[in-house]
Amino acid sequence: AAVDMSMQDHNTMRTNTRAQARTPAPIRASTRLSRELLRSVALVLLFSELVLTHSHAISCSRSQPNYWQKPQWRLPLRYGRSQTSMLRACCSGARMNLPLQSWEELSEALPSSTARSPRKHDSVLDPSEPVLNGLPVLYRERHGWCPYSERVLLALEMKGVDYDTVLIDNTGGGRPRWFSGSTPQMRWGNGAMQGESLDIIKRMDSEWPELPSLWPPEGCDATTVSSMVSSFKATFPRTARPSSRAAFLFDWDGDALPRATFEKTLDQTEALLSKHPQGPFFCGNVASAADIAWTPFLERYAAQLPCMHAGLNPRGGRWPRLTEWYEAMDERVPAYACHVKGDALSWRKVLVMAGFGNAGVVPKLLDTSAEEEDTQGGIFGTFGTGDVDDDVWASFCSTRPHAADSPARECAVRILRNREAIQADVLKRTMLAGADAAHVDSVMRRLVGVLARGGGDVSASSSVYADAASHPETAVLATALAERMCVPRDMGAPAAAALRRLAAELSAA
């Protein structure tokens, strides 16, 4: 690495002869010496870190038999952010070339990748009619845009039902011949089909009486739940054009609804939540079918309304009870926060697509590019980054063996399981210029490796991180996948946040 960097410096010096001629020779020599000393110190630190990390890992493997199956590496040298930045800067341009793990080795390091996962049949990728195995089947829209499909998905996940999924394309290009009607639909264990999201949710309690009840939950009565569910239709704008991607946002001419219309809806929602001061949910202190009925639409409002009217923030604005409700859904309903919820970037992305609510005309939106760069405010301050507390993620994956033990590792598992489709998409869209299939495969393995080794904090696995940072194509691929990704279609919001954060860090490094 030192030789490579010295050669780089030599080539740079040759191309900057004129600039150097204006600098006195003693100063140039002193500058070169200082730079070489700094680089040498950085390389010694890096080597020491690798040795100590390896020794720490060996000692842990002796006392913890499963250490290698569930990496929990931490830096033995406690670098601050400035020291870490210095180390990365000094090593820029040098390829570490650590041995790449094979997909088989990565699978062994990610036990959840080989665990049985719920069956999911995508009717666009495989148009043949799926062979059913007796489990209930949810037929839902494939991109995760349909709010009514989200209702049923959230209810099944909150109850903990074992079910299969068939994904249906509602955009008009790939609907299979063997499916008719709208989504969502539910095929029950006896083969009967049923539509209408609220009717499906209401039937779940009688189908699985041994599982937690939703209509009503314990400590609440069914009348209260039904009243709050019915209030939904009376609260959201009746003049809005029907849409999955942009629900209750545009009128029939494709124009955004007036600000006053949205504020009236939010005021009425605040009043409904205030009816139960013990809150924070619609029917009191526990989530119910009423929250499920409202969630998809309030979720989209939190991300999309700030794009349409300046300062119109349902979450963190002038509606405190509504803000408490958003926070409670993120903190107390793990199935929602970790798996069902979309993220702000995905919901804002669909707004610039023509059609599906805006009469075929891309709407004029506020410029949020500056806000999107501010992780403490703007887009993330009003919606959330997608990150969840460790205990929320632990609760989610405790009953799901197919879920990884951290969002970053869950992201790694998602890429690993779908690697063939991702590789084909990367090649089709030339995300890595001039790369062939073998090269794309190696870059994907390096990206999965740093996600898998990093656990909840990718920078903790510094040697693997430094290797990924020294290969610019890793950052290019991570950024391309983060931009291409749609949440929750491709992965849950916490896993997506881990990928976006890694892409930003690698790009900066």
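Two strands pair if DSSP finds at least two bridges between them. I wrote that down before anything else, along with the rule for elements: helices (H or I, at least four residues) and strands (E, at least two) are DSSP runs, numbered from the N terminus.

**Ground rules**

I'm looking at a predicted model, where local features need pLDDT of at least 70, side-chain atom pairs count only at pLDDT 80 or more, and totals for chains, interfaces and linings use all residues. Residues are numbered from 1 along each chain as its sequence is written, and side-chain values use heavy atoms, with hydrogens and water left out.

**Whole chain**

I looked up the secondary structure and got 22 helices and five strands. Then burial: 50% of the 509 residues of the chain count as buried. Buried is under 20% relative accessible area, exposed is over 50%, and partly exposed is in between (1.4 Å probe, protein chains only).

I also checked contacts, meaning heavy atoms within 4.5 Å. Taking the contacts in the chain with a separation of 6 or more, 71% are between residues 24 or more positions apart.

**The sheet**

What is the order of the five strands in the open sheet? I read it as β1-β3-β2-β4-β5, with mixed pairing. The edge strands, each pairing on one side only, are β1 (120-122) and β5 (193-195). Neighbouring strands are turned by 20° against each other on average, direction ignored. For angles, I note that axes are lines fitted to C-alpha atoms, for helices over the stretch in contact, and that angles run from 0 to 180 degrees between N-to-C directions.

I zoomed in on β2 (residues 137-141) and β4 (residues 185-187): they run antiparallel and are joined by three bridges. Opposite L138 I found M186 in β4.

Two helices pack on this sheet. Helix α6 (residues 147-159) touches β2 and β4, and its direction makes about 145° with that of β2. α7 touches β4 and β5, and its direction makes about 125° with that of β5.

**Around the sheet's loops**

I went to the loop between β3 (164-168) and β4, where P184 is found. The peptide bond from T183 to P184 is cis, with omega near 5°.

Phi of E196 is near 65°, a positive value in a residue other than glycine. Is E196 buried or exposed? It counts as exposed, because its relative accessibility is 58%.

In α7 itself (residues 197-207) I stopped at S206. The side chain of S206 reaches the backbone oxygen of R203 at 2.8 Å. That is a polar contact (a pair of N or O atoms within 3.5 Å; within protein, one must be able to donate a hydrogen and the other to accept it, and residues adjacent in sequence count only if both atoms are side-chain atoms). S206 counts as exposed, at 56% relative accessibility.

F248 lies in the loop between α8 and α9. Its phi is near 55°, a positive value in a residue other than glycine. F248 counts as buried, at 17% relative accessibility.

**α11 and its partners**

Helix α9 (residues 259-273) packs with helix α11 (residues 320-332) at an angle of about 75°, their axes 8 Å apart. α9 and α11 are therefore roughly perpendicular to each other. The cut-offs: under 35 degrees is roughly parallel, over 145 roughly antiparallel, 65 to 115 roughly perpendicular, and the rest oblique. L266, T269, E270 and L273 in α9 meet P320, R321, L322 and W325 in α11.

I then looked at helix α10 (residues 289-308), which packs with α11 at about 105°, the axes 11 Å apart. α10 and α11 are roughly perpendicular as well. Here D291, T295, L298, E299 and A302 in α10 meet L322, W325, Y326 and M329 in α11.

**One more side chain**

Last stop: R409, in helix α17 (residues 407-417). A polar atom of the R409 side chain lies 2.8 Å from the backbone oxygen of A452. R409 counts as buried, since its relative accessibility is 4%.
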